[in-house]
Amino acid sequence: MPTYVFECESCEEIWEESLPYEDRDMPVEVGCVATAPCSGSVRRVPVMPGFAYDNIPSPGHPKKTPDWMTDRLKDIKKNQPGATMTIPG
Ligand SMILES: [Zn+2]
């Protein structure tokens with residue numbers, strides 16, 4: 001069963017659920033599952049294949065690049081002057 005990531009737009013709670021494809025929007029209808037559930041609207045977060053959401057602390061925000069990732073990219077760039085990757089943030 002695929003794992004889907006959901007985010008509450010109000011309290012920014014992020015969680016994962018393994019759901020059959022046909023039920024993938026079910027948590028959107030069920031609503032916030034935070035420890036103290038709010039009435040914010042829930043959206044399904046598009047997940048890139050292979051992207052590890054486990055590395056994002058919860059509550060967090062998937063749009064922000066974590067500091068450790070930026071540092072890591074800077075390190076790689078420093079060690080490989082030819083690297084053409086862009087450092088986000
Ligand atoms: Zn919430």
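This is a predicted model: local features need pLDDT of at least 70, side-chain atom pairs count only at pLDDT 80 or more; totals for chains, interfaces and linings use all residues.
View 1

**View 2. Strand 1 meets strand 3.** Strand 1 (residues 3–8) and strand 3 run antiparallel and are joined by 4 bridges. Look for Glu7 here: its bridge partner in strand 3 is Arg43. The two residues also form a salt bridge, with the closest N and O atoms 3.0 Å apart. That pair links distant parts of the chain, since Arg43 belongs to strand 3 and Glu7 to strand 1, 36 residues apart. Glu7 is buried, at 2% relative accessibility, whereas Arg43 is partly exposed, with a relative accessible area of 24%.

**View 3. Four cysteines around the zinc ion.** The zinc ion takes its protein donors from the SG atoms of Cys8, Cys11, Cys32 and Cys38, which lie 2.2 to 2.4 Å away from it. The site is tetrahedral, with angles of 97 to 118° among the 4 donor atoms. Along the chain, the donors follow the spacing C-x2-C-x20-C-x5-C. Cys11 comes from the loop between strand 1 and strand 2, and Cys32 from the loop between helix 1 (26–30) and strand 3, so this pair ties together parts 21 residues apart in sequence. As for accessibility, Cys11 is partly exposed, at a relative accessible area of 34%, while Cys32 is buried, at 11%.

**View 4. Arg44 reaches Asp25.** Here's another salt bridge: Arg44 pairs with Asp25, and their closest N and O atoms are 2.8 Å apart. Arg44 is in strand 3 and Asp25 is in the loop between strand 2 and helix 1, so the pair ties together parts 19 residues apart in sequence. Arg44 is partly exposed, at 31% relative accessibility, and Asp25 is partly exposed too, with a relative accessible area of 32%.

View 5. Lys78 and Asp75 form a salt bridge whose closest N and O atoms are 3.9 Å apart. Both lie in helix 2 (residues 67–79), 3 residues apart, or about one turn of the helix. Lys78 is exposed, with a relative accessible area of 62%, and Asp75 is partly exposed, at 35%. Elsewhere, salt bridges with shared partners join Glu7, Glu9 and Arg43 into one network. The salt bridge count comes to 4.

Methods:
Residues are numbered from 1 along each chain as its sequence is written. Side-chain values use heavy atoms; hydrogens and water are left out. Two strands pair if DSSP finds at least two bridges between them. Helices (H or I, at least four residues) and strands (E, at least two) are DSSP runs, numbered from the N terminus. Donors are N, O and S atoms within 2.8 Å of the metal (3.2 Å for Na, K and Ca); water is not among the atoms, so sites may look incomplete. Four donors count as tetrahedral if all angles lie between 85 and 135 degrees; four count as square planar and six as octahedral if opposite donors are over 155 degrees apart and all others between 65 and 115; anything else is irregular. Buried means under 20% relative accessible area, exposed over 50%, partly exposed in between (1.4 Å probe, protein chains only). A salt bridge is a side-chain nitrogen of Lys or Arg within 4 Å of a carboxyl oxygen of Asp or Glu.
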